[in-house]
Protein chains: 2
Amino acid sequence: MAFQGTSLIGYSNGQASGSSFHGMNPASGAELPELFFTASKDEIDRAARLAEKAFPVYRSISGAKKAEFLRAIAKELEASRELLVARVPLETALPAGRANGELGRTIGQLNMFADLVEKGDWVDARIDTALPDRSPVPKPDIRSMQVPIGPVAVFGASNFPLAFSVAGGDTASALAAGCPVVCIAHYAHPGVSELAGQAILRAAHACGMPEGVFSLLQGTGQEVGTPLVSHPAIKAVGFTGSRFGGLALAKVAAARREPIPVYAEMSSINPIVLLPGALEKSGEALAAGLAGSVSMGVGQFCTNPGLVLLPEGPDADRFMVNFASLMDESKGGTALHSGIAKAYKTSTSEKSKNEAVTTLVGIDASEGASVAPWIFRTTASSLLHDLSLTDEVFGPSTTLATYTSMAELVGLIQSLEGQLTGTIQYDPSELPLNTELLGALQSRVGRLILNGFPTGVEVCHSMVHGGPFPATSDGRSTSVGTGAICRFTRSFCFQDMVAEGLPNELKDGNPLGIARTVNGQLSH
Amino acid sequence: MAFQGTSLIGYSNGQASGSSFHGMNPASGAELPELFFTASKDEIDRAARLAEKAFPVYRSISGAKKAEFLRAIAKELEASRELLVARVPLETALPAGRANGELGRTIGQLNMFADLVEKGDWVDARIDTALPDRSPVPKPDIRSMQVPIGPVAVFGASNFPLAFSVAGGDTASALAAGCPVVCIAHYAHPGVSELAGQAILRAAHACGMPEGVFSLLQGTGQEVGTPLVSHPAIKAVGFTGSRFGGLALAKVAAARREPIPVYAEMSSINPIVLLPGALEKSGEALAAGLAGSVSMGVGQFCTNPGLVLLPEGPDADRFMVNFASLMDESKGGTALHSGIAKAYKTSTSEKSKNEAVTTLVGIDASEGASVAPWIFRTTASSLLHDLSLTDEVFGPSTTLATYTSMAELVGLIQSLEGQLTGTIQYDPSELPLNTELLGALQSRVGRLILNGFPTGVEVCHSMVHGGPFPATSDGRSTSVGTGAICRFTRSFCFQDMVAEGLPNELKDGNPLGIARTVNGQLSH
């Protein structure tokens with residue numbers, strides 16, 4: 001198919017001139033034929049200004065109408081399935097099956113947010129009615145709800161070209177909240193990004209959305225993302241990527257005249273604790289499960305288990321042999337882009353040289369973007385001595401560390417940085433679980449998993465995909481599930497507002513029939 | 001009465017040695033006799049460590065038990081009413097009547113949060129039940145709720161020695177959320193702080209709370225606050241004060257190994273728009289109301305109206321004469337401390353020298369901490385030309401600016417920094433209100449008021465006392481009302497948790513009878 005190659009600024013195409021780049025096929029190392037043009041300073045400004053102009057219109061659109069828009073995007077993506085599924089493998093080396101599945105998830109997310117905003121309960125509507133005769137001063141009428149924060153800059157993620165990129169979770173939740181989106185395509189999949197961006201714009205057109213409700217900028221985070229985040233019209237940032245990139249954006253956002261929130265999902269090693277009973281009774285199944293989890297998507301998931309903690313002893317030794325042989329067989333694959341492969345090779349090679357670490361599996365995949373498993377063995381005490389050994393290694397690698405006591409295990413967990421997830425594998429005979437262990441894990445993670453693996457993030461109302469720094473730059477929120485919408489809102493109240501000036505969510509008589517807290521009582 | 005003078009570290013007194021200071025009576029300029037000791041580095045560390053140790057215990061205490069604790073604090077404050085009301089005027093120059101009223105508000109806030117956590121609905125409990133037979137992968141059981149973020153550093157505010165200080169809104173909401181509190185007493189009211197701190201500790205003792213659930217540090221924000229905010233055990237910060245102080249703390253918090261959220265309420269000029277009809281028909285009443293609002297508490301409220309926008313013309317001229325004469329009569333009063341008086345004199349004097357500004361009232365109050373009203377006149381176009389004229393002046397001062405058209409008015413509002421409040425005074429004949437004006441104000445404020453004055457912040461479920469930067473450093477939240485609790489929580493979920501490991505909020509059968517979202521349906 002033919003690509004435009006330009007940025008998509010509101011309802012116009014950007015310019016097909018200036019600095020340009022090609023997508024790369026990570027599997028072959030070859031340049032893809034299509035040319036893409038980096039958004040110019042003017043285009044970045046225009047996209048942000050259009051979003052600013054669209055905001056007062058878009059934020060006032062009803063939940064039902066926003067739902068229609070989100071569902072229209074989902075349908076347009078479905079209509080582009082063939083093109084998207086063909087393009088994803090070329091730009092990311094992810095197989096077509098994965099692209100198909102991820103597109104399903106992307107569509108599901110959009111429909112989930114459509115249902116949420118159509119229902120409307122999410123705004124946390126609160127009404128305290130007036131008491132004009134109260135002494136010594138009358139009580140005013142106060143009505144509050146969550147309102148959209150303003151135009152949002154969304155960065156496409158390398159490891160989810162669909163579900164966390166142009167039409168992914170950040171865009172879906174921001175649009176659902178009532179915020180226009182200016183998206184920066186990930187430079188490693190500009191073609192997939194354009195397809196998704198065009199799908200959104202077709203939907204926006206068809207639903208009569210104001211120009212600027214969505215724009216897509218081509219280029220890199222440094223060239224395009226930094227000026228966009230600095231732009232006064234932008235009021236929040238959604239990002240999934242490296243710690244380096246996330247921290248750089250947070251710094252830019254904090255240095256603005258008006259600092260803005262940055263939701264950056266950055267770095268997590270998702271520790272898994274194997275309790276002695278689980279290791280003894282289910283060692284083989286756990287080794288197989290872990291190998292699947294570490295290998296999945298060539299290890300390029302934010303929930304990849306990068307640290308496994310096992311009780312020292314013969315069961316641990318047996319588990320390691322078993323697990324190492326499975327990983328040895330798994331062979332690895334092609335990284336999403338050569339930058340990831342390069343970083344992976346550097347960090348695994350460095351780690352293998354650390355004296356406190358034994359390399360159980362270490363296959364040198366020297367060709368281009370291909371990466372192979374690296375499995376390390378060490379002890380909890382070595383990790384406590386050198387916490388840099390717990391830094392994230394993005395790829396099919398994990399570190400197995402033995403612990404000698406529950407106290408040591410708890411101490412290590414308390415010393416870890418914040419994590420998206422923490423997992424305990426137990427045997428039923430080990431119930432009730434140690435409360436110190438549960439408490440220590442809970443204080444370090446956003447999701448606590450029992451007898452499972454962290455990869456596989458259910459998209460639902462209860463999901464929390466977030467966690468203390470550096471798992472995310474803002475550990476209060478989630479980037480998956482309906483809770484993600486509240487990243488892009490703020491609390492706002494009216495005092496003694498005239499009836500016709502109130503939004504439907506706050507009007508007397510509850511015309512939308514949503515859940516509301518009236519004088520402290522929840523009613524719906 | 002005799003004061004301890006030391007910090008209160010958990011259930012022990014700090015040391016009565018090292019660096020020390022006296023409270024000052026701002027009205028007389030005289031040192032108060034009691035000596036207070038600045039918390040040492042060791043004491044700061046000990047308070048933070050005790051809070052860290054108390055956290056796993058305190059966060060697991062039931063809502064009912066936390067409610068008991070909060071109500072016990074309220075009762076202990078009531079029991080100390082006489083002492084507190086006697087001490088407030090000595091340290092702050094606020095009259096006894098204000099101290100009495102503010103204590104009532106402080107007690108009311110504690111009881112409000114007690115009711116909230118006893119009821120328990122606030123945790124936003126969500127349950128998605130498992131589908132073990134789902135294809136291609138089983139759906140796990142996911143359950144989420146808001147959990148406390150960890151120990152919180154609370155800074156006492158100079159302008160609310162009770163309601164926004166040691167036992168004030170930040171402490172009440174953090175304790176309600178399940179977070180231990182380490183409070184830094186405001187150096188200008190160390191005695192009031194000690195009384196409130198001792199009330200909290202008596203309540204903590206009586207309710208069997210873990211040591212470290214509360215500590216009070218004496219000293220200044222620079223000496224004591226900065227090291228406390230840097231301490232790894234501290235996970236969030238509550239602050240009300242100057243923009244300079246708030247930004248300094250935000251910088252310290254961002255530079256930590258694990259950056260933490262800072263809720264700093266800093267700077268707001270709370271614009272009031274007078275529409276032509278309101279000015280014509282109610283000019284006199286509005287002038288009287290405005291004079292009351294500007295003078296209240298010697299103008300030392302974060303909601304003080306620092307900017308009034310009037311339609312150019314004879315009605316505006318008449319209003320100004322009228323208002324100026326009322327302010328002239330009001331005479332001012334004594335500032336909370338000499339630092340505020342000094343800053344007020346500097347900024348009013350500078351402003352009066354600006355050529356774009358006419359001084360309508362400017363009384364030079366040269367004695368010590370006394371401050372007198374300064375009222376300025378200018379035009380919207382001058383403000384647009386020099387936005388530094390819209391910087392907050394903390395004290396009994398306001399600027400009256402005339403606008404020539406709705407477009408100019410809207411443009412000016414769009415150019416303002418973020419505000420806690422925005423107000424429109426209209427005459428019923430002017431309904432419906434201009435939607436551009438409403439939209440512009442809404443996008444710049446946390447609370448939009450019609451036909452009222454911003455001073456007077458109702459403590460209730462719907463109140464939003466917050467707003468875009470620099471009104472607050474985190475414009476998503478509120479520091480007044482029940483919504484304030486969510487500043488000190490984060491989202492957390494369990495995946496496939498065993499029943500006995502779940503908190504009551506998330507157990508099958510809903511033992512607490514709270515509102516929960518089960519598979520997307522709100523039930524209670």
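Residues are numbered from 1 along each chain as its sequence is written, and chains are lettered from A and ligands numbered from 1 in the order in which they are written. Because the model is predicted, local features need pLDDT of at least 70 and side-chain atom pairs count only at pLDDT 80 or more, while totals for chains, interfaces and linings use all residues.

## The contact between the chains

Chain A brings 60 residues to the contact, and chain B brings 60 residues; two residues are in contact if their C-beta atoms, placed from the backbone, lie within 7 Å. On the side of chain A that touches chain B, at least two residues each come from β5 (125–128), β6 (142–148), α14 (435–444), β20 (445–450) and β21 (489–495) of chain A. The helices (H or I, at least four residues) and strands (E, at least two) are DSSP runs, numbered from the N terminus. β21(A) gives the most to this side, with six residues.

By type, this side of chain A has 27 nonpolar, 21 polar and twelve charged residues. Here Ala, Val, Leu, Ile, Met, Phe, Trp, Tyr, Cys and Pro count as nonpolar, Asp, Glu, Lys and Arg as charged, and the others, Gly among them, as polar. The copies meet through the same surface, because 100% of the interface residues of chain A are also interface residues in chain B.

## A sheet shared by both chains

An open sheet of twelve strands, with mixed pairing, runs in the order β23(A)-β22(A)-β5(A)-β6(A)-β21(A)-β20(B)-β19(B)-β12(B)-β13(B)-β18(B)-β17(B)-β15(B). Two strands pair if DSSP finds at least two bridges between them. Strands of a sheet pair through backbone hydrogen bonds, either parallel or antiparallel. β21(A) and β20(B) pair in the parallel sense over three bridges, and Q495(A) stands opposite I449(B) in β20(B). β20(A) likewise pairs with β21(B) in the parallel sense over three bridges, where I449(A) stands opposite Q495(B).

Within chain A, β5(A) pairs in the parallel sense with β22(A) and in the antiparallel sense with β6(A). A125(A) stands opposite R516(A) in β22(A), whereas I127(A) stands opposite R143(A) in β6(A). A125(A) and I127(A) point one way from β5(A), R126(A) and D128(A) point the other way, and all are buried, a term that requires 20 or more other C-beta atoms within 10 Å of the residue's own, with C-beta atoms placed from the backbone.

Helix α3(B), residues 81–92, has twelve residues and reaches 16 Å from its first C-alpha to its last, close to the 16 Å expected at 1.5 Å a residue. The expected span is 1.5 Å times one less than the number of residues. Its buried residues include L84(B), V85(B) and R87(B), and their cover includes β3 (20–24), β4 (31–37), α4 (96–119) and α6 (190–206) of chain B. A93(B), which follows α3(B), has a positive phi, near 65°.

In α14(B), L438(B), A440(B), L441(B), S443(B) and R444(B) are buried. The buried residues of α14(B) pack against α13 (406–415), β19 (419–425) and β20 (445–450) of chain B.

Note on methods
A residue is buried if 20 or more other C-beta atoms lie within 10 Å of its own, exposed if 12 or fewer, and partly exposed in between; C-beta atoms are placed from the backbone.
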